[in-house]
Amino acid sequence: MTIMDDRRTETPRIIDCHCHIASEDHTPRSFIEGSVANMVVALSAQGIPVNARKLTTMFLSKMQDPLGDGLVTEMAEGGIRKSVLLIADFTFALKDCKLTIEESFAKHLEVLRRHPDKFEVFGGVDPRWGKDGLALFERSLVEFGFRGFKVYPPCGFSPSDSALFPFYELCAFHHVPVLLHIGPTSPVLDFSISSPFLIDEAARLFPTVNFILAHGAVSFVEECVMLCRFRPNVYLDISGYQATLGYDPAASAVKHIVSLGISHKVLFGTDFPVFRLQGEQKNFVEVLTGKNGALEELNERERAMVLYENAERLIKSAVAVAA
Amino acid sequence: MELDAKFDERIMALIAEAVPGKFKKTKITMETSLQKELGLDSLGMLSLVFRFEELFGIDIAQMGIDVNIAKLKTVGDIMGVARDIISKVPLAREV
């Protein structure tokens, strides 16, 4: 059975390793407005009459899925078996968050329990929350069944900051991976600490922890590939490739990444709901797996690795430890 | 507003205006894919919506119409939505 067959049958196998709950509960308004600001600049330059409030309203209309029901529907249509929900902790850096990070974890647990077979959750905690944050993260692994750690350096810290080491020790103990944001983000945050090389020290000091560089097919590509090739415990995800589809409908960025001999390190991801104005999950899968898709030149083995086996392998060890 | 051939031409012209230079030579038909063949990403689609509103002097959101941009895949899809919107606005006019 091929991947394409999988997508059309009742037994989808694809794992989307990079998603978020589409709700303002977890993404503050300032973060969204910052992202919209770039759109306003681009559209205004073309002489298009647009205001930020209107664009924000359109974007927010795609952020009304707090229980994950809409995402589950889109996953089924796209042949996605499971998605990883990432909790980016903006609560220390941005002061307009609706929920505390503890409340955000609780909401994710609610979604996980509502759709137990559809999601895994990677909790994220800003290390500046200190011992309380560490305790919350440990609880998430031991009690909630979360399976990873999400790090968001543009909030104001390096991913190799020693304040994160106790978190990585927990990751090593519980055999769970770390997924960290790479590259630009909302302009309200700091781009200067988004380089993949900043993970190198932590990756070297914690060789049993697997680190996933988010957006590695579109941000700092050369550096991400280098780290994946020479650090056994560094991977990348391709989420964000949708941003390139306007000028490159064939997703050459993904085609390029998987042509470099690191298919065993590449994970499929979509960054739902960021590109929801552009299309649905099935459209983003189709670009890769359809006729002339970006993964067409891979053999079945390699395609399986990218679409689900690599993610499965990283998450499975956590499940085995928990069991 | 009368939904005649002239209306279709105006919509086709709007679409052509939103297409990035790299895809300008693509022949636009009702079946043409917006993303694959015309390179219209979310920003391109938004520009189309705003130019449409400007052309007909309307505000789609204020009309209470929910246009799901993500579901628009072909030029024909846009034409269908545009016709639907304008048919609900008898006083819409080209400005």
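**Notes on the two-chain model**

1. Let's start in chain A: strand E5(A), helix H6 (residues 130-144) of chain A and E6(A) form a β-α-β unit, and its hand is right-handed. Keep in mind that this is a predicted model. The two strands of that unit, E5(A) and E6 (residues 148-151) of chain A, pair in the parallel sense, with 2 bridges between them.

2. Look at Leu85(A) here: its bridge partner in E5(A) is Val121(A). To get from E4(A) to E5(A) the chain passes through helix H5 (residues 101-114) of chain A, and this β-α-β crossover is right-handed.

3. How buried is strand E5 (residues 119-123) of chain A? Mostly covered: 5 of its 5 residues count as buried. In a regular strand, side chains alternate between the two faces of the sheet. For E5(A), both faces are covered, with Phe119(A), Val121(A) and Gly123(A) buried on one side, and Glu120(A) and Phe122(A) buried on the other. Do note that Glu120(A) is on that buried list.

4. Over to chain B, which has 3 helices and 0 strands. Reading from the N terminus, its elements go α-α-α. Its radius of gyration is 13 Å, close to the 12 Å that the globule rule gives for 95 residues, so chain B is as compact as a globular protein of that length. Along the principal axes, its C-alpha atoms fill a box of roughly 35 × 25 × 20 Å.

5. Some more on the inside of chain B. Of its 95 residues, 32% count as buried. Take the contacts in chain B between residues at least 6 apart in sequence: 66% of them join residues at least 24 apart.

6. Finally, where the chains meet. On the chain A side, 18 residues are in contact with 19 residues of chain B. Which helix gives the most to the side of chain A that touches chain B? That would be H2 (residues 29-45) of chain A, with 3 residues. By type, the chain A side of the contact splits into 11 nonpolar, 5 polar and 2 charged residues. These are residue counts, whereas the size of an interface is often given as the accessible area lost when the parts come together.

Note on methods
Residues are numbered from 1 along each chain as its sequence is written. Chains are lettered from A and ligands numbered from 1 in the order in which they are written. This is a predicted model: local features need pLDDT of at least 70, side-chain atom pairs count only at pLDDT 80 or more; totals for chains, interfaces and linings use all residues. Helices (H or I, at least four residues) and strands (E, at least two) are DSSP runs, numbered from the N terminus. The radius of gyration is taken over C-alpha atoms; the globule rule is 2.2 Å times the number of residues to the power 0.38. A residue is buried if 20 or more other C-beta atoms lie within 10 Å of its own, exposed if 12 or fewer, and partly exposed in between; C-beta atoms are placed from the backbone. Two residues are in contact if their C-beta atoms, placed from the backbone, lie within 7 Å. Ala, Val, Leu, Ile, Met, Phe, Trp, Tyr, Cys and Pro count as nonpolar, Asp, Glu, Lys and Arg as charged, and the others, Gly among them, as polar. Two strands pair if DSSP finds at least two bridges between them. A crossover is right-handed if, with the strands pointing away from the viewer, the path from the first strand over the helix to the second runs clockwise.
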